Amino acid sequence: MSRLLEVNHLSKFYTNKKGFFGGAPETVKAVSDISFYVDEQETLGIVGESGCGKSTTGRAVLRLHEPTSGEVRFRGQDILALSEEEMRPYRQKMQIVFQNANSALDPRWTVEKSIAEPILLHNPGISRSELDDRIDTLMKEVGFSPMYKKKYPHEFSGGQRQRIGIAKAISVSPEFVVCDEPVSALDVSVQAQVLNLMKRLKAERKLSYMFISHDLSVIRFISDRVGVMYAGRLVELAETREFFENAMHPYSRVLMAAVPKPVVVEDKAALYQGIGKISEVSKEGCPFCSRCPAAKDVCRQQLPSQKEVSPGHMVMCHLY
Ligand code: SF4
């Protein structure tokens, strides 16, 4: 498989013009110096708790939020160097599925109009009959009769709306899709249907996914490789099997201990209980040191570097 996406030293900082009570500007380092790649037809799962920077990473890769620094290469092209006009063909190839399908579907529009929007944007010369055929095919691909395209989003359940959001994302034949917590707002039984649909579409359309979730069970089911994010850093990265058999970073191990079996966890907050708050982050040393049961003196003073502990298995921790 060849390389589709390559992300090098990506950072995304947000700076308030003024701090609280009009003080000095404050900078929030949402994502700091992370590197990874996604191959053709591969799913890279990114897991971590709320506020770890995983959604910001997905948006920065797509340039929905402009990165502060770093490099994003799509099929070798540095897309951060492109103008908005030059980006247009890449925007077609790189799509997103949101956690809440309402972000993708206008409640005042029929499903047909919502799905037609990106198709018309990228194919302004398309004929009416070709557009109709394409929408009908997309509806069938995500499990609906084409007659449902005349309905409005509120006439569908949450899971059905998400399937329509997926139809809209794939309507312009992307190669790469950022899936930002696409099943976390759904009931457990519906999650399985949507995940199976996404797996099938990946195989049929030869898609690559960056699949973001806080739920390790979901990540295990869908991913070829797993990246763990903590406080804006990518702290571990490995093939899925290797990760679930041999997670090495103390944070990954805490997550693994919270989900001993490959089951879908309904109480998501329980995953992260007992390890404090993500806001308690060391400014100089390891970002996890205030919560880490294995922390040493060096952990408080020095940021660990990324080490490849076995082929394809990267860990960012002073223990290795
Ligand atoms: Fe824990 Fe130190 Fe490793 Fe950070 S570097 S995860 S504090 S052992």
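Phe156 is buried (under 20% relative accessible area, against over 50% for exposed and partly exposed in between, with a 1.4 Å probe and protein chains only), its relative accessibility being 6%. The model is predicted, so that local features need pLDDT of at least 70 and side-chain atom pairs count only at pLDDT 80 or more, whereas totals for chains, interfaces and linings use all residues. Residues are numbered from 1 along each chain as its sequence is written, and side-chain values use heavy atoms, without hydrogens and water.

Eight aromatic pairs occur in the structure; rings of Phe, Tyr and Trp (its six-membered ring) pair if their centres lie within 6.5 Å, and planes under 30 degrees apart count as stacked, over 60 as edge-to-face and the rest as tilted. The ring centres of Phe144 and Tyr148 are 6.0 Å apart and the planes stand at 45°, so this pair is tilted. Phe144 is buried, at 6% relative accessible area, while Tyr148 is partly exposed, at 32%. For Phe144 and Phe156, a centre distance of 5.5 Å and a plane angle of 80° make the pair edge-to-face. Phe144, Tyr148 and Phe156 form one aromatic cluster.

The ligand is surrounded by 13 residues, the closest being Cys286, Cys292, Cys299, Cys317 and His318; a residue is counted if one of its heavy atoms lies within 4 Å of the ligand. By class, this shell has eleven nonpolar, two polar and no charged residues, where Ala, Val, Leu, Ile, Met, Phe, Trp, Tyr, Cys and Pro count as nonpolar, Asp, Glu, Lys and Arg as charged, and the others, Gly among them, as polar.
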